[in-house]
Amino acid sequence: MPDPKPTPGRPHGALRDYSLVAGVMVLVTVAGSYAPLSYHALGYVYLLAIIALSLSIGRWPALAAAVAGAMAWDFFFVPPKLSFAGIHFDEGLLLTTYFAVALIGSQLSALRAELYRAGLLAESERMHQTLLDSVSHEMMTPLAVFRSAIEQLETHDAEKRNRVVVELQIATDRLDRLVGNLLSQNRLESGVLRPRMDWCECHEVVASARRAVGSRIGDHALEIEIPSDMPIFRADAALLEQAIAQLLANAALHTPPESKIRVSAAVKAKPKQIHIVVTDTGPGVPVEIREAIFEKFTRGPLARKGGLGLGLSIVRGFMRAQGGEVSVDTAPGGGARFTLSLPNDEQAPVPVG
Amino acid sequence: MKKEPKSNILVVDDEEQIRRLLRYALEEAGYEVREAESGRVALGEVALQAPDLVVLDLGLPDTHGTEVLRALRVICPVPVLILSVQDNETGKIAALDAGADDYLTKPFSGGELLARMRALLRRVGTAAAPGNNFQFGPIQVDLEQRRVLRNGQPVKLTAQEFKVLRMFIMNRDKLLTHQHILNEIWGPHARENTNYLRYYMMQIRKKLGDEVDSAGHFQTETSVGYRFVSKPQPAA
């Protein structure tokens, strides 16, 4: 047997490659013994099989294919049959071709794998650069505001000072959110996120989310509709709160001022789920990007400039960490409707007294 | 604030700039401020200077804030306000269980810090004599007679609901963890039964007509616990 050292870049493919070689060779041999072909023609069938194999496997399996093909052809088909004798110049030339083809073919296959990896690497480097560019842009903007605002604070015009302080406030909130989002995304990707599932009460979670959104809700009218018999349910309250807060902030950002934002909750019977729904009256989310907007660094076509496109990917990460999901469709009035769903298999025992 | 003798505040944080800015804000509000940059220094300050309140950062370089708290609690019962980073609910709960009175998540606003500090200092002044009657908003509670009136109309609370309400009143302006409340009312075996607590909070809020938002008296601290405030301040 040749050295079964795996070809670089295909560490787990060696065994598979050898099995493939054995399978194809047995197949050609069996089929050849029934086919009305001359042994010369069969020699070329073996050659074709070796070419096809070598283009998709490593060097050593390809050479093994050449050896196996040569031996099978000579033993079973070259007269005298069932013996290794009978190799003359013609047959010898063909057998040499087997080995040359095996080497060339497997070399091509290795080259192709190399090119593929290089392509992936370039793509990942490009992603990395894009991320770095947008993170530094997002960080430098508030820093530039700080620097400029501090200079302008030296003015004696009280009204101007107040305006500058408002700008400082906005820049601080922006930097705060950016760092928060990057930390959340990192928590999701590094796998350190351990949801603490506990009984949650819907009014409390929604009120906390509202508080977390703070002034970002702007002058939008927030309508909260939670049925009076809404049961308590299992969730990680902190993660769920952040998910709702993100949806509320998004809704406020992407809809006209003073438009209505609605948060409602419901219990679904099949499957047993809790739904928390955030509906706005904005332009909605086009059908073709409804899946894509939950990917990180993806932003909707109408999204304003700035931002990293992490918000919804964090919402999805937080919901999935709790065994739930987030989806979006269109509300009857035409706005975007985001639905957070959580499994509701457990009934909370109600205490007595 | 200026009329009373100045309260002494000990600020424990390893970041010099944070200490400086807290000093500006607190001195502006009429407090006297001392600083400590590590847990060791903080314990010395508490032992020697007996501050009226400690503002303690959980992420100290030498010892973990929770360890400082435990050591500090051996020395004296001074109120402690914890400063913690976001997404660290377990750290907050551990600190509260180790004897902290409340916490703020960084970055916080100066106004929020001052409001919490005032509440904790007020508590120290009044906790010794809660009195039999307690009033908040439209609610009047007679702790001895176990009677509750809402706008003068009697409210029917079950025995357990009253126990929970009484606990909040006795610990007003202090953040109580879920586990602490469950342990006190239902005993150690019920520490994990947060469903009890959610249910009772829902009932109490409903019966007392309390809002579930920042204007309400029973404030929710997500994943951590509840804080009863007699004078809620609506969010800015």
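Predicted model: local features only at pLDDT ≥ 70, side-chain atom pairs only at ≥ 80, totals over all residues.
1. Helix H7 (residues 178-186) and helix H8 (residues 194-208) of chain B pack with their axes 10 Å apart, at an angle of about 85°. Angles of 65 to 115 degrees count as roughly perpendicular, so that is the label for H7(B) against H8(B).

2. Who does the touching there? From H7(B) you get B:His178, B:Ile181, B:Leu182 and B:Trp186, and they meet B:Thr194, B:Tyr196 and B:Leu197 in H8(B). Sorted by class, the contact of H7(B) with H8(B) has five nonpolar residues, two polar ones and no charged ones.

3. Next, the sheet in chain B. Five strands make an open sheet, ordered S2-S1-S3-S4-S5, with parallel pairing. Strand S2 (32-36) and strand S5 (102-105) of chain B sit at the edges with a single partner strand each, so one side of each has no neighbour in the sheet. From one strand to the next, the twist averages 20°.

4. A closer look at one pairing in that sheet: strand S1 (residues 8-12) and strand S3 (residues 53-57) of chain B run in the parallel sense, paired over four bridges.

5. On overall build, chain B has eight helices and 12 strands. Its radius of gyration is 18 Å, close to the 18 Å from the globule rule for 236 residues, so chain B is as compact as a globular protein of that length. Along the principal axes, the C-alpha atoms of chain B fill a box of roughly 55 × 45 × 35 Å.

6. Now for chain A, with eight helices and seven strands. Here the radius of gyration is 33 Å, well over the 20 Å that the globule rule gives for 353 residues, so chain A is more spread out than a compact globule. The box filled by the C-alpha atoms of chain A is roughly 105 × 65 × 35 Å along the principal axes.

7. How is chain A divided into domains? There are three stretches: domain 1 (14-118), domain 2 (134-190) and domain 3 (198-343). The C-alpha centres of domain 2 and domain 3 of chain A lie 25 Å apart, and their contact takes seven residues from domain 2 and seven residues from domain 3. On the domain 2 side of chain A, helix H4 (89-152) and helix H5 (158-190) each supply at least two residues. The largest share of that side comes from H5(A), with four residues. By class, the domain 2 side has two nonpolar, four polar and one charged.

8. Last, the interface between the chains. The contact takes 21 residues from chain A and 19 residues from chain B. Which element of chain A gives the most to the side that touches chain B? That would be H6(A), with six residues. The elements giving two or more residues to this side are H5, strand S1 (198-200), helix H6 (202-213) and helix H7 (237-254) of chain A. The chain A side divides into nine nonpolar, four polar and eight charged residues.

Conventions: Residues numbered from 1 in each chain as written. Chains lettered and ligands numbered in written order. Domains from an automatic or database assignment. Contact = placed C-beta atoms within 7 Å. Nonpolar A, V, L, I, M, F, W, Y, C, P; charged D, E, K, R; others polar. Pairing = 2+ DSSP bridges. Axes fitted to C-alpha atoms, helices over the stretch in contact; angles between N-to-C directions. Parallel < 35°, antiparallel > 145°, perpendicular 65-115°, else oblique. Rg over C-alpha atoms; globule rule 2.2 N^0.38 Å.
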